[in-house]
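Please examine the sequence and the structure shown below. The explanation that follows leads through them in paragraphs.

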Amino acid sequence: MTETLHEQGQQPSPCVMVIFGASGDLTKRKLIPALCNLAKGRLLSPQFAVIGFSFDSLTTEAFRAQLSKDIKEFAPEPVDSKLWDWFLERIYYVQGDFQDSAAYEKLKLQMAAVEKTHATQGNRFFYLAVSPKFFAPVAKQLGQAGLTQEVEGKWTRVIVEKPFGRDLDSAKELNRELKKILDEQQIYRIDHYLGKETVQNLMVFRFANAIAEPLWNRNFIDSVQITAAETVGVEQRGGFYETAGALRDMVPNHLFQLLSLTAMEPPISFDADAVRDKQAEILHAVQVPNPEDVDSTAVRGQYGDSVAEGERLLGYRNEPKVSPTSNTETYVALKLQIDNWRWAGVPFYLRTGKRLPRRTTEIAIQFRRSPFVLFRKTKIADLQTNRLVIHIQPDEGISLRFGAKVPGPVMQLGLVNMEFDYARDFGRSHSTGYERLLYDCMIGDATLFQRADMVEAGWRVIQPVLDAWKATPAARFPNYAANTWGPAEADELLARDGRTWRTIGEERTPSAPSELPETLARATAGVK
């Protein structure tokens, strides 16, 4: 990834990165390894430095020692010792409370010293890897300390992690609070899903290939399914999850970002606002469910106890820090309609959940069936032959399913796949998923970051669902066993439309009979 960026990108200007919540998991697991990858690819300025800010009682030396230990465990590949030494001498630490103005004065002094030592030229960006309740207070303290001003061509940016609000009202309020301190172009609302190569490749696939875009509409596409499935439960995050739930945690950010990139109109360019204008148009075009329609367009679930491969899997209510009578959903399925010319009548089905059988994030485009009059007397098990699947994670790639005749004297249809696999065709990526996002922030490219209007448009769609579920607690939680594909109501959501959820992973094996000749079976292995 970094080599590709270096070939086509620019080296960022000198700057200092300040990480709030620097002693947390995100820093050691993602941010520091991502910065090392950028440094390896020569995509960091030589005049770069990092300042960690957190409540933990650490010194710069102790912080460096801890990161030196962590990088060996969490880097996607071993970090060259010389590169790490170069990077380590650019790392500093400030201890303080996020709401203590005196701590920000210490930070200001440290930034001045770093600027003098490493010639960062007054450019800085702040990464808020903190609890959402601290987003506005940290921004306010930065403003009061004079650390958000942009003067004499120097830039200041703030990266805000998710979740951005708990509902529509809180999202609007957070936007108002941030804009008291910062201009919109200084705010980078991050969604790490957009750092994945396949998500970015979605725009390339659609708009750079003449075979795709003419078919990308209601005339040829029957439906779209977007899935984000996790095999893990809430683990040690029960306290957080009790206040969030699957709907808040995944839908208005991750899934709506995938939806908007899938459905958006072609932008006039790949400039940040041109792309985000088209994404915002789609989010505003999604039909907001009427309260009385929520039961027929939204499904919630909660996983219960189960056994898989001899291992007992705890139900959600038995997880640490979770109420034994909790009504928090761990699974969500939605049916959405986009009210515009391109997508009128095409349903978008979204689903996400924990403790599902397989970890995957994907977008499945189901094309309309052909008129099968010609094949009415032949054995065809599945008329819905053409499906495009964009695999976001963990196995990044794109597969296209189509029908082919099984060799032999009898007319029989087999289903085969052409596949593009990132690891096979471009080499396995050692990216953390944050490299592109950090790099874009440093060069001032906000294309992959959400704007205020996009955030609010997403919350606007799910607010009626939040309200309905709050007013009427779930009647029969838990309603799906751990290691299954969710509650029966999710299947019924599609069955009412004469459709089914696609079987995850089915494109990896031929759908034709087991006696498929070897020549046809080979077609499923991928075509370059």
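The paragraphs below treat a sheet, a loop glycine, the cysteines and a pocket in turn.

This is a predicted model, in which local features need pLDDT of at least 70 and side-chain atom pairs count only at pLDDT 80 or more, while totals for chains, interfaces and linings use all residues. Residues are numbered from 1 along each chain as its sequence is written, and side-chain values use heavy atoms, with hydrogens and water left out.

An open sheet is formed by six strands in the order β3-β2-β1-β4-β5-β6, with parallel pairing. At its edges stand β3 (91-95) and β6 (187-189), each of which pairs on one side only. On average, neighbouring strands of this sheet are turned by 20° against each other, direction ignored; the axes behind such angles are lines fitted to C-alpha atoms, for helices over the stretch in contact, and angles run from 0 to 180 degrees between N-to-C directions. Strands (E, at least two residues) and helices (H or I, at least four) are DSSP runs numbered from the N terminus, and two strands pair if DSSP finds at least two bridges between them. Between β4 (residues 124-128) and β5 (residues 156-160) there are five bridges in the parallel sense. Within this pairing, Phe125 has Arg157 of β5 as its bridge partner.

The loop between β1 (15-20) and α2 (25-40) contains Gly21. Gly21 is buried, at 10% relative accessibility, where buried means under 20% relative accessible area, exposed over 50% and partly exposed in between (1.4 Å probe, protein chains only). Pro76 is 55 residues from Gly21 along the chain, and their C-alpha atoms are separated by 22 Å.

How many disulfides are there? A disulfide is a pair of cysteine sulfur atoms within 2.5 Å, and by this rule the count is zero. The closest cysteine sulfur to that of Cys15 belongs to Cys441 and is 8.2 Å away, too far for a bond. For Cys36 the closest cysteine sulfur is that of Cys15, at 15 Å, which is also too far for a bond. Cys15 is buried with a relative accessible area of 1%, and Cys36 is buried at 4%.

The second largest pocket holds about 600 Å³ of space. A pocket is an open set of points on a 1 Å grid over the protein atoms alone where a 1.4 Å probe fits, with protein on both sides within 12 Å along at least five of seven lines; lining residues have an atom within 4 Å of a point. Grid points are joined across faces, edges and corners, and the volume is the space filled by probe spheres set on them. Of its 23 lining residues, Phe205, Ile211, Leu388, Leu400 and Met418 lie nearest the centre. The largest share of the lining, five residues, comes from β16.
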